[in-house]
Every structure is written in structure tokens, then in C-alpha cells.
Amino acid sequence: MASIETEVNRPAVPPEGARITAEVDVEPGEQASGVERHIALCIDTSGSMSGAKISRARDGASWVFGLLDPTDYVSVVAFDSTAEVLLGPVRWGDLGRDEAMGMVEELSAGGGTDMYAGLETASESLASLDHDPGASGDAVRRLLLLSDGKDKDHTVGEFEELARDIDGSGVRIEAAGIGEDYNQDTIRTLGTTARGKWTHLEEAGDIEAFFGEAVESASQVVAADAELELDAANGVEVSDIYRALPQAQDVEPEWEANTATVKLPDLTERERQRVVMKVAAPAHDPAEGVPLVQVRLRARGDEATDRITVDYTEESEELAEANEEVQLDHQETVVRTELGKGNVEAAETQVEQMTRIHGETEVVEDVARETQVVKEGGKAERSRATELVDEERIE
Amino acid sequence: MTAVPATGETLAGRYRLGEKAGAGGFAVAYEAVDTETGETVAVKYPNYDSSNSTAVVEQYFQTEADLLETVEAAGGHPNIMSLLDRGEVDGLPYLVVEFVDGYELDEAIDRTDVPEEEVRQVGVALCGAMAFLHGNEIVYRDLKPDNVMLTERDGLVTPILIDFNTATSAAGGVGETTILGPYKPPEVAEATETDARQGPWSDVYSIGKILLFLLRGAVPRKDGVDPRDFGVDCEPYLAETVEKATRSDPDERYRNATAMERVLRERDSTPPPSASLVRQNGDEEYSVYPGDTLGRRDATGPAPSIAVRDEEEYVSTVQVQFEYEDAGWRLRDSSLNGTYVQTGDGWQRVLCAAGRERLQRQGEDPTDRHGFIPPESYKLSDGDLVALVHPSYGLTFQFRT
């Protein structure tokens, strides 16, 4: 059973109101039973993939086959100037490993990069499994994208729209770019929009681990299609919402009246999620425990609730109480999200602000260093900057 | 904080420190020369620069030192780093251990494909080291490539266990480790969530994963992994051994490292012969595999393979170990009070040296019924009776093959 916990940086605010920072931690809980995985590998086979990359992509597929259980489904889509389904979708138990490998051996590099067609085809292959996302015993569905090039015929906006459709069909995209020539905005947008992770792979040797991690973590999913509902009280404004964990990412909440719905990555065992936000508390007479935002987690039929509350007071001692960590978490997330986009200036502005408020604390020094690293670095550094460390998960 | 010595300095007036050999979460190691003997050794002391708190670092360091001392006291093992000296200078605890000239096991696959025969040899040696530890009431728990060095001895690739800071002993180890990894069996990874006890079968799982790593160059978190499913072309017995060793359910694995060692030696994945123990005046029956330990249930420390209930707590954590050699069974005592075997012509006391010395110190009689020093191990045949502590203690079993 998943649970949530809210925290604010200022538990007490003055009667005229204030802008505070809040965060919601989601503990996924334990998996009740195993899951059925639907995995689509979507592999770039354009000319630039030739050599080690395509050979390691084949090894990666081989590795994925080892990880599958007989009840899982798999498909393999290759794209270059066109997209082609090489395998499946097929129930793994109905296919021999040799047969599957035979089809994957056909992966060969040549031609352009129609990534859009690749994604569409992979998404259609999963859709052809005729899975009802609302049904009990949901399958966990993943599209694993690997590309080293740019799709010159489609804009980032078009990919975002496609990713939204794919996400809407219950499929999460794990997106990896390899090498230096792919469009990182596209990779990032795909992963972020379809609630997966996005990442940069430095070399061909990293492909296997990327595929493997995505497929193994899919087996640990507690609830697919989870979401947080943030129901703001009258006069309360919620803004600047980000995902901090598992990866620093922008969030585009869906608003309905004063309620924001934040879609979450699939809840996965041992992977805590954190959403951070700003909350503008309106003027209010002194009172204790005034609810600002009702927070509700919906995850596969389960619900968990908590509230973001503050005390309104004029007592300066109470007003001075501060939970700096919560504010730092938000600021760090903003910095890391911007760094992921390569927006070094925006990150620097935020770091300056953090230094002014908090001095040179460990977190501030960390993000300052990270900003410098991204400034001097490239795609690898940008991708790495979005990975926040969940301190409590480390011994 | 204590000042720590560095390269070029001499520790305790004896060990001249050379290059830093490595630093982990709990200890720093230097290559050093023992100026008294001229031998190259390794000197370890707590890593106060790690991200762990001083108290945690010192606790882990202490655990490692104590366990290595236990290993030495039991005669040491060729696949376990040997402890040469232990001391403290100006409040800084240090260990002097054998210097292993080789490379970490996880670097092995970067060098070249590891031949299947070498994988088997490494497996046999690791099983031997683990069986030795299990017989001495130690469960290693955190066996992974970084904790093993590979070196060459007598022309054979030889693994040496080099880290002992997360092992547990009956004397009590450090708290649970929470870092997850593909080498950890579910009962260790989920220690806080399930009641499944950790035991010799936990280390069996890790050895299985290490063998897969050597064969494939990577390991998944998945359980029950057959190397052939990951594209490894190897002999069926080896693939089947890895698959069985890495099952989720401890009952489906080889019960202990001795059993797995035998399988690798024989190149036959079938579990070795088993016998059974049937409680007299009771209805419990236990299967016995070579290498199994029998001891008291719910004792502190690692679980023996066969755990029996003993409210009065006279039975040791590891009371006896069962061995199988040349088609015959033997019982080896490792208890404080002794074990008795009835072969038809009366009860024969079996008692390990440590137990005998203890009884002597307490002024008790450590001899057998003939007034002789009792043997430490004794042959077992079908139908023999085995009595823990004393034939009148009420924990008597019939041994059946």
C-alpha cells in the first residue's frame, strides 16, 4: 500500500499570508503480486549506428530476452528511414530464445532517422496487444527508445504530442540518446512527457545496462498510472511544480478549477518519489492547522491522502520556525531540471539566490559544482545533473 | 579525530607504508613492508574520510578485525585474506593482512573472456571459503565481485576474499545492510520485510551470481538465472548449477556451499546425496546434506542449515557439521558441550578441541567413557543415534541414509 507525506518549509505564516514551499513524498509500498510486462524495444538502425552500437544493441536485446518471464510480451521495432517491426508483439513463453535472436540478428544499420515513425510503430505494436489499461491486474508497459541521431522532419513539439498520446495509452517511455549527435531536447521531452526517465549513454557498452535496468525495474512496479491530486483551498495558489525524484523533471499539471493533477511515473518498489511545489497562502485570521492543499494519491484503485497545512500566527517565535531542507529540495530540483535542459544561466541565477538565502551549505555547494560541470560539459553532464540522490536510500 | 599515517611513514615502528592500495566505505588499505621480516603486507585502518560516520566506520572495522581473528583462530583458509597482526597506535586501530597481488574480480572480465574452466575453479574455491566460514558460524552475506581479489597460485586462478565488514557471526555483526545489488538474495535484500532467515544458502546465491558475472560480464537482479538465457554458451551442468544456486526460494537452492562445491567439482548439477535425522520421541525429521550445520534455532547470529528448538540453550549455534567423503558420512563436532553417537556398542562422545579446552578450564571431565580424549569427528552409518549435549538431554536423533 502506497503512502504519502507532506512537508512545508514554514509551518507558521503571518495573517497577511505568505508564499511557502511544500513537498510530497510518495512511498510506493510493496508489490502484492508479480506483474505482466509489455516491453517494446525501439531501436535506431540508421547508418550512424553501425559498428559497436548496433552490435551492442543486439546484445542488449539478448539481455532483455534473458530477463523476460514466459508471461511477458515483447516486441522489437527498428527504425531508420522507415520503421519496421522485427519481432512481435509476442508472449515470451510462446517464442523460443533462438527464434527471437534470429530476428534480432537482422538488426543492421543504414539509412536515415525517422524516430517519429519508430515510436509510432512501437506504440502501435503494444496497442495491438489489446490491453485495457483500466482493468485490474494492469500490465506494466514500457517503450525503450535508443537513438543516436536527429529526426530532422519532426519538431520537439510534435514529439511531445506523440509522447502524450503514448503515455495516455498506458505506456511509459524510457528514452536514451547515445553519442553526441542526437537531439537531447527530444529525448528529454519523450521521457519526461511519458513519465519515464531519460538518459544519455556515453558508449555502446552502456546499452545493455540501460535496457536491463528498464526491464528489471518494470518488474518491481507496485502501481502503474499513479497520480497526485492537489486540491487547493479557496484563495490558495499552487505553482512551480516539479518532480524531484526519481529524476528532476518539469511537470505540466492538468488543472480543473483549483485542482491540479500531477501524473506520476509508475510506482516502483524501493523507489521513493518526490513532488515539490510553491504554495501561496492567502490572508487568514490567526488559527492552527489551516489546510491549504488537500493531497490525494491515486494508484491502481488505492488512495492515500494528506494535507498541506500551516498555522497562522503573529508570534514571531513561531514565524521564525523554518524547515530549510524543504526549500533547498525545491531549489535544487529547479537547478537540476534547468541543467538537464542545458539552461546554465537559469541555473546560475537560482544558485545565486540559494547562496544568498542559505549560505554555502553542502547542497548549495553541490548544485554550484554541478552547474559548473554542466557549463563545461555536454550531454552526459546534463543528463547526470537531473539525478538527485535520495539520501535516505544510502547507508 | 586520530591522525592517520600516510605513504612513507612507519606504523607501530614496524610497517613502512607504500602506495595506497584502495579505500572503501569503511577502511583504507596501503601496501606496506614489514620491516622485521621484509615481507610485503597490506595495512588497513578505518576510513575516517568516507561518507559514513566515525562510529559506523569504527564499528565495521572492528567487526572485520574480529571476524578475521576468528578465521585465523580456526586455522585460516587459503581463499580468505589472512590476518597477520592487529593493534592500535595513538588510538588508531589497524590491521595487518596478507598482501594479495592481483586484481578485483570485477576487473576480470575487462581483461579478457574468462574461460569456463576458470569460472568453475573460482566457484569451487569460493564455495570452499564459504563452507569454511559457515562451519565457523560466519555468514558472509555481502559476497560480490568487489570483495574478491583474483590472483594466481600454483598456476591456478585463485579468488581471495578481502572484505569482512558486513559478515555476521554468532558474536553479533553490524546491522542490516540496505544497499541492494544483484548479488544479494531476496532474504538478505528484504531482511526488514520478511522473516526468512539468512543462512549458508544466502551465500550460495551470491556465488551463483558471481559465476554468472564471470560468464556473461553482467548480472541482473532477477533470480533463478540460467546463463544460457542471456546468450552464454556453456556446459549444461554449469548453467544448471548457476540457475539452481540463484533461485528465489532458499529451499530450492543448494543448501550450503559444500553442496555447491561438490556439484562444481563433479561437473554434475544434481544435489549431492542426502540423509535424514529423525527425532527420537518426537516427530521432526530433517534432511541432511553434506556440509550442513546443525544448531540451535533462534540463537543470535546466522542460522545453521538445520535449526532445532532447545529451550535450555545448551546446544551451540553450530553444534555439529555433517561431512560426506568417499561415500561415507561423518559428523564433526564444533560445540561447547559435545555430541554423542550411538553405533551399537555404546555412546561415543565427540568433542571439538575448543569444547574440550573449555571443559578442562571449568574443571569438568572432557574424556569419553573409556577415559580417552574424544575424537573431534566420527563416522556415521545408517541407523546410528546422535545425541546433542548428552544422551540424557532429550535431543536424540536417528541418522538414516
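Trainee: Over which residues of chain B does pLDDT stay under 50?
Mentor: This is a predicted model, and the stretch you ask about still has 22 contacts beyond four places in sequence. Where pLDDT is low, the predicted coordinates should not be read in detail. The stretch of chain B where pLDDT stays under 50 is residues 170-178.

Trainee: Which element of chain B has the lowest mean pLDDT, and which the highest?
Mentor: Chain B averages a pLDDT of 87, and 92% of its residues score at least 70. Among the elements of chain B, the lowest mean, 56, belongs to strand β11 (residues 168-169). The highest mean, 96, is that of helix α6 (residues 236-245) of chain B.

Trainee: What radius of gyration does chain A have, beside that of a compact globule?
Mentor: Chain A has 11 helices and 19 strands, and its C-alpha atoms fill a box of roughly 75 × 50 × 40 Å along the principal axes. With 395 residues, a compact globule would have a radius of gyration near 21 Å, and the value for chain A agrees with that, being 22 Å.

Trainee: What share of the contacts in chain A joins residues at least 24 apart?
Mentor: Buried residues make up 49% of the 395 residues in chain A. Taking the contacts in chain A between residues at least 6 apart in sequence, the share that joins residues at least 24 apart is 75%.

Trainee: How many polar residues has the side of domain 2 of chain A that touches domain 3 of chain A?
Mentor: Chain A is divided into domain 1 (3-31 + 223-322), domain 2 (37-219) and domain 3 (326-393), and 30 Å separate the centres of domain 2 and domain 3 of chain A. Seven residues of domain 2 of chain A are in contact with seven residues of domain 3 of chain A, and α5 (184-193) and β9 (198-201) of chain A each supply at least two residues of the domain 2 side. By class, that side has no nonpolar residues and three charged ones, while the polar residues number four.

Technical notes: Residues numbered from 1 in each chain as written. Chains lettered and ligands numbered in written order. Predicted model: local features only at pLDDT ≥ 70, side-chain atom pairs only at ≥ 80, totals over all residues. Helix = DSSP H or I, 4+ residues; strand = E, 2+ residues; numbered from the N terminus. Rg over C-alpha atoms; globule rule 2.2 N^0.38 Å. Buried ≥ 20, exposed ≤ 12 C-beta atoms within 10 Å, placed from the backbone. Contact = placed C-beta atoms within 7 Å. Domains from an automatic or database assignment. Nonpolar A, V, L, I, M, F, W, Y, C, P; charged D, E, K, R; others polar. pLDDT = per-residue confidence, 0-100.
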